[in-house]
Every structure is written in C-alpha cells, then in structure tokens.
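Morning, everyone. I have one structure to show you, and I'll keep it quick. Please look at the sequence and the model.

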Amino acid sequence: MKHLRFLDNPAPKQNTEQQNFSLAFLHQMINSISDPIFVKDCQHRWVLINDSYCDFVGHSREELIGKSDDDFFPQAEADVFRQKDELVFTANITNENQELFTDAEGIIHLISTKKSCFEDETGNKFLVGSIRDIILQNEAAKVLGVTGRVTDLTELVQKSEALQESLEESDRQAELDLQRANALLEAQQEAAIDGILIIDENRTIVSFNQKFSQLWQIPAAVFQTRDDRQLLGWVLDQLINPDEFLAKVEYLYQHPEESSRDEIFLKSGKIFDRYSAPVRKQQGACSETSPSGDYYGRIWYFRDITEYKQAEAELRASQQRLTLLVEQTPLAIIEWNTNIEVQTWNRAAERIFGYTKEEMLENPFEIIIPEKARKHVNEIVTALLTQQGGNLSINENVTKDGRTIVCEWYNNPLVAPDGQVIGVASMGSDITERKRSEEEQQKFVALIENSSDFIAIASMETEIIYVNPAGLKMVGLTSLEAAKTKSMIDFHSPEAFAKFQQQIIPLMSQHGFWQGEFCYRHFQTGIEIPTDCNLFIVKHPETGEPFCQVAVVRDITERKQAKEALLKSEAQLRQQAQDLKETLRELQRTQTHLIQSEKMSSLGQLVAGVAHEINNPVNFIYGNLSPAKEYTQDLLALLQLYQSHYPKPVPEIKDFAELIELDFLKSDLPQILNSMNVGADRIREIVLSLRTFSRLDEAEMKAVDIHEGIDSTLMILQSRLKGNDQRPTIEIIKEYGKLPLVECYAGQLNQVFMNILSNAIDALEEGVGSGEWGVESGDERDEGDEEDVALASRRVGDEGDKGNNQCPISTIRICTQLQKPNQVIIRIADNGLGIPEDTKKQLFNPFFTTKPIGKGTGMGLAISYQIIAERHGGSLECISQPGQGAEFVINIPLIQNTST
C-alpha cells in the first residue's frame with residue numbers, strides 16, 4: 001500500500017521544503033477527530049480510515065482496508081458513491097453532497113459528505129472525505145450553548161434570550177436542511193438506475209422514482225392513493241409466483257430489523273433483482289437499537305436484470321460448449337503452468353499419447369517429449385514464458401507405449417491482466433501419417449522429376465499445370481512458368497490436334513485412357529516429334545469426377561529413324577533382306593502383343609494375375625505330362641527288356657528292386673501320371689471359369705451366354721456353398737429359361753451376380769448363426785444385426801422350403817426368363833430372415849452398411865445398381881419383408897439400344 005504524504009499547509013510557503021508526517025502520527029491525528037474520515041486511492045479502495053468511520057459503517061479496519069463500496073453497500077448506493085468520487089478525481093475539485101447511506105445493520109441514514117482530491121509527490125491521486133450525520137447534527141444544535149453555570153438573574157435572562165434565538169435559528173436551519181435533503185434525496189432517487197420505493201412504518205407510500213413506475217408500469221392513480229396495499233395488488237398481477245412475493249413482503253414488514261435480497265420473475269419473462277432494507281435512525285456501531293422505536297419504514301430497490309440473466313445463461317451455455325469443444329475436438333488440448341506441469345488434458349490427448357487425465361495432471365509436460373527433442377522444446381517453452389508470442393512447431397513426441405510420433409503444435413501463452421504469464425495452452429495433432437505421406441509424395445515427385453520421359457499434367461480445360469524437366473527439354477521450353485503460359489493446343493500441330501479432338505478425346509472419355517503414337521511440336525524449331533504416348537484421365541477418388549489429364553510420353557524419334565532406315569535398306573536389298581523383313585514383321589507383331597500385354601497389366605485385373613501365377617505353370621505341367629508319360633512307358637519297356645534278357649540280376653540290383661518295391665512302382669507310376677493329367681485338366685477348367693467370370697478380354701459390349709456367367713460365379717463361390725461344422729450346405733436351385741445370347745458387358749454383369757450371391761450367402765449364414773431362422777414378420781429385431789446389402793436376413797418366402805423343421809434348408813433360387821419383346825429377367829432369391837422396410841430403402845445408397853467395421857464397404861449393391869441402371873439401361877430392385885426372405889430382380893434389355 002502506498003503511504004500518503006500531506007502538506008501541513010497547502011498554500012505556498014517561503015520555505016519550499018514539505019513537512020512529512022509518519023503514518024503512525026497520521027493515524028493518531030485522524031483518530032482524534034470525531035467525524036468519520038476516510039481516504040481512497042484512484043481504484044476507489046480504502047487506504048486509510050479513522051475509528052469513527054469504522055464505528056459509523058459497522059465494520060472493522062481490517063475488513064475495510066483494500067476494499068471498495070461495491071463490497072459492502074447496496075449496488076445503487078455504491079454506484080452513486082463511485083460516480084461522485086470519480087468526479088472528484090477527474091475534476092480535482094472539492095465536492096459536498098448529501099447522500100443516502102446504509103450501514104452494516106441495514107439502517108439507512110441521510111449524511112452530509114465532503115470530499116477533496118490530493119496528489120502525493122509521485123503523482124498518485126487520493127480522495128480524502130469526511131462524513132456527518134444530518135439528524136445527529138441538528139439534534140446537537142438544539143442544546144448548543146447550554147453549558148456552564150449562571151451567576152445572576154441578568155445573566156440568566158441574557159442566556160435565556162440567547163437560547164431562544166438560538167433555538168429559533170436552529171429550527172429555521174433545520175427546516176432548510178430538511179428541504180435541501182429532500183431535494184437531494186429526490187434527485188438522487190431519479191438519477192439512480194434502480195427503481196426505488198420508500199414505505200413508512202404505517203405502510204404508506206412516502207416516495208418513489210420514475211424508474212420504479214416504469215419497471216412495474218404502474219398508473220399515477222395508484223400512487224395518488226398512497227396506499228401500499230393497492231400498489232402491492234397491482235404488482236402481484238404481474239408475477240409468476242405472487243403468493244411467494246406477498247409472503248416475503250409481509251414477513252419483512254413484520255420483522256423491521258431484517259434486510260433482504262432476492263430475484264423475482266414476471267409473467268412477461270423479465271427478471272428483477274429486489275433489495276429491501278429498513279430505514280432507521282443513525283446509531284453508533286456499538287450502540288443498541290430499539291426494534292420499533294427507531295424504525296421509520298422500509299426502502300425497496302428493484303433492478304431489471306433480465307439481460308444480465310440472459311447473458312449469464314448464454315455465458316454458461318458458451319462455457320458448456322467450450323468444454324464440449326475441448327473434450328470432443330480431435331486436437332490434443334493441453335494447458336500447463338510455468339512449472340511445466342499439466343493442468344488440462346483432454347480426451348484427444350489421451351487418445352494420441354495413451355496417458356489418462358489422472359496420470360498427467362500436475363505431472364511434467366516433458367513426459368511425452370523424447371530426449372533428443374527436449375533441447376528444441378525447451379527453447380520453445382522459454383520463448384513462450386517470456387511473452388514472445390504464440391508459435392507453431394513440429395517435433396517428435398513419445399507415447400505411453402513407447403511409440404515415437406510426429407505432432408504439429410500451436411502454442412500460446414496465457415497472460416494475466418497484470419501482464420504475467422501464468423501458463424501456456426497447447427493444441428496438437430498427430431501428423432505422423434501425414435509426414436509419411438509427404439515423404440512418399442516427395443519420393444514420387446523425385447521419380448517424376450528425374451524421369452527421362454515427358455510427363456505433363458493439364459486441367460480438364462486444357463490449361464497446363466505441370467511439365468517435368470525432361471518434358472520441357474523435349475519440346476524446347478526453358479521453364480515451367482513458360483509452359484504454364486501455353487495451352488494443350490500449342491504442343492501440337494493443327495493437324496495433330498484435330499486428330500486429338502476427333503479420335504483420342506472420345507476414346508479417353510469412354511475408357512478413361514488412350515495409348516498409341518502421337519506427335520508433339522518442338523517450340524523452337526517447329527519440328528514434329530514422334531512419341532509413344534499414354535494419356536489418361538484422373539478422377540476424384542470420392543466423387544468420381546475427372547479433374548485433370550496426364551500424359552506420359554516417350555520420344556521415339558530414334559526408333560522411327562531406325563525403322564525408316566531399315567525400310568529403306570529393305571527396299572534396296574529386297575532379295576537379300578527377305579529374312580530381315582520377316583523378322584521385322586515378327587518384331588511388329590511382338591510389339592503389338594507387348595502393347596496389349598501392357599494394357600492388360602495396367603488394368604490390374606484378375607486375369608493378368610491368374611495368367612501369370614496359375615496358367616503358365618499349369619500349361620508347363622500339362623504340356624509336359626504327355627512326353628513324361630511316353631518317357632515313362634519307354635523306361636518301363638526298357639526295364640522289361642532287361643528283366644527278360646537278364647532274369648537273374650546281381651544281388652545288389654535285386655536288393656534295390658525289393659527296397660523300392662519295383663513291381664508296385666511299375667503298376668502305380670502310370671496311375672500317378674494319369675492323376676496328374678486329371679488334376680491339370682481340373683486346374684485348366686478353373687482358370688477358364690475365372691476368365692469367363694472376369695471376361696477381361698471382352699471389355700466391349702457383346703452378346704454372351706448369361707447362364708455361363710452365373711455358373712462361373714457359382715463355381716468361384718463353391719467353397720462358401722459347401723457345409724461345415726458351423727452351417728449346413730447351401731442348396732442352389734436353378735430355374736433357367738431358354739435365353740438367346742444377351743448383349744451386355746459380361747465382366748461387369750458377372751460382378752453384379754457375385755455381389756448379390758455373396759450377400760445372399762452372408763444372409764443365410766447370419767440366419768443360422770443368430771438362431772432366429774423363421775422369425776415371423778411381427779417379431780422385433782435389432783437393426784444393427786442387418787446386413788447393408790442386406791440380403792440382411794432373408795428367405796424366399798416359400799413355406800414349402802421349411803419342410804417339417806423349424807430350421808429350413810438354406811436355399812438360393814436363381815430364375816431366368818425372357819420377357820417379350822426385348823427384356824431378360826434374372827431373379828436371385830434366398831430363404832433368409834428378410835429385410836426391414838427402413839433398411840430396404842437404403843440398400844442401393846453408396847456406403848450404406850450395417851456390417852461391422854472391416855467387413856463391408858457399403859458399395860457392393862450401389863455399384864451393382866450403377867452397372868445395371870447406367871451401363872445396361874436396366875433396373876435392379878429388391879422385394880422383401882421381415883420373415884419372408886428376399887428376392888433381387890435384374891431386368892436388362894436383350895439387345896442394347898446403340899443409338900444412345
């Protein structure tokens with residue numbers, strides 16, 4: 001606390017040295033004054049008070065020092081005191097006022113105050129005030145001068161006359177003071193922000209301000225009656241709980257010594273803060289008061305706090321939202337103090353680092369910092385604690401299970417109002433996978449940058465986005481910026497670009513890629529460069545919409561020149577180079593075959609894998625079985641000749657023949673070769689079925705046998721149809737109609753059969769595993785158990801499939817028929833548990849699934865629907881009810897309308 005230093009005389013002196021009094025002397029001096037004296041600093045806090053002031057307000061010096069009016073007095077009074085005190089500070093004037101004052105016992109007094117502003121030698125301002133109770137002052141004046149002894153009659157008469165004049169003057173002064181006090185009181189009431197009502201001890205309205213009338217919307221006629229009960233009746237009509245309000249009012253009037261503060265709620269939705277205190281005659285802090293003799297009535301304060309309450313509710317809601325945000329955000333939010341001890345640790349931090357909140361609170365933050373990163377982190381911490389602003393950092397952290405992860409942190413110091421840093425708030429996210437992706441991306445970029453081929457990326461609007469260094473060199477450009485100023489048309493001659501628009505773009509739009517020879521133009525020389533060109537469209541992985549075009553081009557100028565030279569040489573030496581010509585043709589055929597093989601490889605489909613992994617070794621085995629069989633027969637014949645010509649072999653040969661069981665070997669070896677031949681035939685049949693199913697060699701639409709595709713799909717699923725110890729065998733019922741060849745995309749149609757049949761098998765397995773087979777339509781089931789693509793529990797609905805058993809035979813029925821004039825219908829039905837209506841509505845929605853995580857993508861039926869509806873111009877629908885199985889009906893044209 002700053003000590004006050006006062007001048008003994010504020011007027012100028014000859015001697016400019018100021019007299020400084022000690023604080024003890026100052027206390028002794030002001031305590032000798034009978035009027036209450038107080039001193040406040042510029043924050044309106046008491047820094048010095050005398051004993052009379054403590055007695056007057058009813059609080060000890062220890063309670064008052066360092067506090068302000070807001071801590072002890074009603075808000076309305078405290079606001080008035082602060083407003084007038086601030087006027088003294090800002091205007092540097094002496095201010096005298098008469099004010100209402102409520103002491104510690106709730107008694108209201110009319111006081112006269114005098115306040116002045118002083119400034120010490122360091123420039124600090126202080127307010128010095130004195131208080132005098134008006135009522136006590138007037139009473140004292142009535143007995144002024146009646147002291148001492150009267151010695152004679154004349155003196156007695158003079159004293160009496162003087163006393164009479166003094167009393168008359170006192171009465172006049174008292175009346176003037178009362179009028180002035182009333183005027184000041186009324187002005188103070190009207191200036192108050194609260195509605196004020198004063199009721200005397202007889203329940204009569206003594207005074208009220210306009211704010212009170214406005215708050216309660218009370219007509220002037222009610223106030224004119226001066227009847228508190230009529231006023232009370234008007235107020236009660238506006239309240240939500242009038243009985244409680246009335247009970248409180250009556251209680252306070254019956255207990256005049258008590259004060260009260262509460263909140264009341266109006267039907268209009270407003271909320272008032274109500275404060276009430278008794279009006280009593282001023283008494284000393286230690287004096288006893290009479291419960292009724294000194295009671296003059298009661299004062300009521302009303303303040304509209306509706307907006308405050310709404311703001312308070314909004315603040316609580318905001319705090320709740322903030323708490324939810326902190327707990328539910330995917331970012332780790334950590335608060336730590338200046339000792340690096342964790343104060344806040346949210347759920348995301350628990351998930352990322354593995355430590356629970358209980359394990360981390362009040363523990364050092366460096367637990368999650370690996371040793372090699374601590375120096376870097378310490379530098380960041382030092383900068384934060386010295387108020388060098390927030391920062392963004394990326395560093396390694398360590399989890400509870402010892403894993404090292406990479407985190408991105410945004411740190412911000414928490415600064416108190418006094419400017420001191422009290423802690424730091426850190427928000428972090430695990431970017432380990434992102435960093436790995438960036439590293440992989442950098443490797444990919446390096447691969448492109450160092451490639452010897454021309455690699456370019458353009459937007460769908462033909463704007464150049466990127467060309468690698470080899471590409472810039474090939475077309476004679478100096479920089480990527482120069483390339484970006486060009487369009488795709490600039491890279492080709494007008495004839496070549498016309499071909500690109502008329503032939504290549506339609507093929508790219510249809511298939512997504514194009515491969516072949518194409519010419520690019522050199523920007524410096526204008527020469528056309530022959531290239532082996534691969535063009536493809538890149539689609540967005542989520543929307544499937546194309547967003548850019550990529551060209552991978554190889555300069556084949558030298559190869560073309562070599563070919564031309566070869567042709568010229570062939571023309572000149574036709575007779576001598578006939579063999580070379582045939583070799584060249586074979587080379588061309590091989591080249592075409594290689595190009596086709598590259599196309600098949602780029603598709604990444606099943607046939608390439610089967611052909612590479614199964615077909616080649618099977619052909620090798622199958623091709624060598626016949627020679628092996630012939631060689632075996634020759635060896636056995638040779639052995640027979642040896643035995644016929646040398647019937648008595650040497651003992652060593654005889655013993656070895658017995659050891660290897662020569663006679664059994666001779667009879668069993670041909671059977672082994674026959675078995676191998678049968679097995680190879682079976683493998684070839686499987687490979688043929690796989691090729692029939694995928695039909696990678698039939699990417700275009702063509703007429704195919706639908707039944708063949710269904711049978712190949714069933715063959716692939718044969719292992720799932722067989723029974724085991726978990727479920728019985730699934731019976732397949734084929735009801736094939738007579739169908740001609742159907743025009744379709746066979747591979748895509750087989751994919752639809754695979755999706756529907758696989759899901760039918762899943763549904764039948766679920767029915768057996770759940771023990772709910774044969775559930776009637778009225779039974780309840782948990783939707784979470786239902787399969788997305790559902791077939792989620794179905795059955796054909798044919799009660800005859802059940803037989804006499806509660807657990808029927810698992811059955812899938814496949815029916816095909818030709819519907820005139822040009823429609824083919826394929827029905828695939830099972831006798832599972834059926835599909836609820838709300839699930840059936842979402843069957844064909846992308847990503848809809850009720851399978852557990854990792855067991856389904858929710859895309860099977862969505863893709864199937866797209867293949868049937870968009871690619872084939874047909875329809876796919878599901879017919880099912882709970883407990884009645886499910887049936888999928890595919891309807892496609894027999895002959896596609898090629899005009900569209």
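I'll cover aromatic rings, then charges over rings, then a surface patch.

Ground rules. This is a predicted model: local features need pLDDT of at least 70, side-chain atom pairs count only at pLDDT 80 or more, and totals for chains, interfaces and linings use all residues. Residues are numbered from 1 along each chain as its sequence is written, and side-chain values use heavy atoms, with hydrogens and water left out.

Rings. Phe, Tyr and Trp (its six-membered ring) pair if their centres lie within 6.5 Å; planes under 30 degrees apart are stacked, over 60 edge-to-face, the rest tilted. That rule gives 27 aromatic pairs. Take Phe 212 and Phe 302: a tilted pair, 5.6 Å centre to centre, with 50 degrees between the planes. This pair links distant parts of the chain, 90 residues apart. Phe 212 is in helix H7 (residues 210-216), Phe 302 in strand S10 (residues 295-304). Helices (H or I, at least four residues) and strands (E, at least two) are DSSP runs, numbered from the N terminus.

Buried or exposed? Phe 212 and Phe 302 are both buried. Buried means under 20% relative accessible area, exposed over 50%, partly exposed in between (1.4 Å probe, protein chains only).

Next, a cluster. Ring pairs link Phe 454, Phe 491, Phe 497, Phe 500, Trp 514, Phe 518, Tyr 520 and Phe 523.

Now charges. Arg 521 lies over the face of Phe 523, 4.9 Å from the ring centre. The cut-offs: NZ of Lys or CZ of Arg within 6 Å of the ring centre and within 35 degrees of the ring normal.

Last, Tyr 642, in helix H21 (residues 606-645). Tyr 642 counts as partly exposed because its relative accessibility is 48%.
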